[in-house]
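Please open the model in the viewer and keep the sequence at hand.

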Amino acid sequence: MATGKSASCSTAEESSSKSQTRTNSKNNEMEIFFNRKWRVELLKPYHVRYCRHVLLSRLSSGYEEADTQRMTLLHFGITSMDILNSTESALKREERENIINWIYHLQIKEPADRSGFQGSSTFMFKSLSYVQNGGLPPAQLFSSHITMTYAALVSLLTLGDDLHRIDRKNILSGVAALQNSDGSFQASLGCSEKDMRFVYCAVCTCYMLNDFSHVNVPKLIEFIKSSFTFEGSFSSGYGVEGHAAYTFCAVASLFLMDRFEESFSENEMEHLRRWCLMRQEYGFSGRPNKAEDTCYSYWVVATLTLLDSVHMFHHPRNVEFLLGNQNPICGGIGKCDNEHVDPLHTFMGLAGLALVQYEGLNPINPMLTMSEKAVMHMRKLHLRWKGQEYC
Ligand SMILES: [Zn+2]
């Protein structure tokens, strides 16, 4: 009886303590909302909750069109959590293992020229009986996408995987098969889309797998150099308008190949630096006469970091812009104030804050767009692979 009474008291205390916690949390949320605290501080727990939602819950119907690119959504969620230093506290070991297994099930190992990762299971036609239907054999229905391969590798490294299930040799052959005669890369075999984004993803893939021998590096550099514009920026390809994201992709690719300094004169570098600095209002814009947008606080600031010019812009204005784009109710960051939040801008906003060493965030590598912690893990794997034959 005494035990029963004691248990019931303890239950009542627990319930009162839970209700007190809920009230405190509600008061805290109201204070943040009504005092517009999100404009001056990073709402870290809100963003962790948002990233968990992106990774593990069903997204709203608005994301249907991104179904073939689920790997990139995963990459944004995982890398954001890593920047927030919360991957291990917010995701159980089993959940992390499930995510790793999900990534690996999208690896295409054969044929070698199609090897890499798919973005989701949308195009997995395993159940099709191609003989009965007179269609293509399954191997030719599968094709990797270079952006998904990049996103898969970054996510695996960020989750601490040792890449032992990666078919390195075939993935590198798959990257080589995507290179065009002008040195650029197409997104997927037979795809007409080719631009600087895919150059960047191909270069990062070779860098993460520690082997550039499969691609034509001189041609690749020629393509990047041909995309330098009269304004001092880089475009998606020759003769097209310059853009901050393509500028980052071009500059980071050259740095990853250790070919930046030999590719440009001092004058050209100065021209590039000036173009980047001119993009700042509070945040940064992607092109002249365009509005500022969260993602450019990463693309432009990462480029300026690589150019050793991070001290040349107004940091407090940039931070104020990024914090003002947070959602103080559901977490996440939008592209500008009062815009819906999305996984891409949440990731880019956090990465932009990490670049300017915002307190409490894990440092980010401005070449690979992943945390320095994940880069250190990758370098250990490179040492382990040294002298080893490809599996
Ligand atoms: Zn944007």
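Select Leu163 to begin: in this predicted model, Leu163 counts as partly exposed because 16 C-beta neighbours lie inside 10 Å, whereas a buried residue would need 20 or more. Leu163 belongs to the loop between helix 8 (146-158) and helix 9 (168-177). Most residues other than glycine have a negative phi.

Next, select Asp308, in the loop that runs between helix 15 (296-306) and helix 16 (315-324). Is Asp308 buried or exposed? Asp308 is exposed, because 9 other C-beta atoms lie within 10 Å and the limit for an exposed residue is 12 or fewer. The phi of Asp308 is near 60°, again a positive value in a residue that is not glycine.

Now select Glu110 and Pro111 together and display the backbone. Which kind of peptide bond joins Glu110 and Pro111? The bond is cis, with omega about -5°. Most peptide bonds are trans. Pro111 itself is placed in the loop between strand 1 (107-108) and strand 2 (116-117).

The chain holds 18 helices and 4 strands. Of its 391 residues, 40% are buried. Among contacts in the chain with a separation of 6 or more, 70% come from residues 24 or more positions apart.

Note on methods. Residues are numbered from 1 along each chain as its sequence is written. This is a predicted model: local features need pLDDT of at least 70, side-chain atom pairs count only at pLDDT 80 or more; totals for chains, interfaces and linings use all residues. Helices (H or I, at least four residues) and strands (E, at least two) are DSSP runs, numbered from the N terminus. Two residues are in contact if their C-beta atoms, placed from the backbone, lie within 7 Å.
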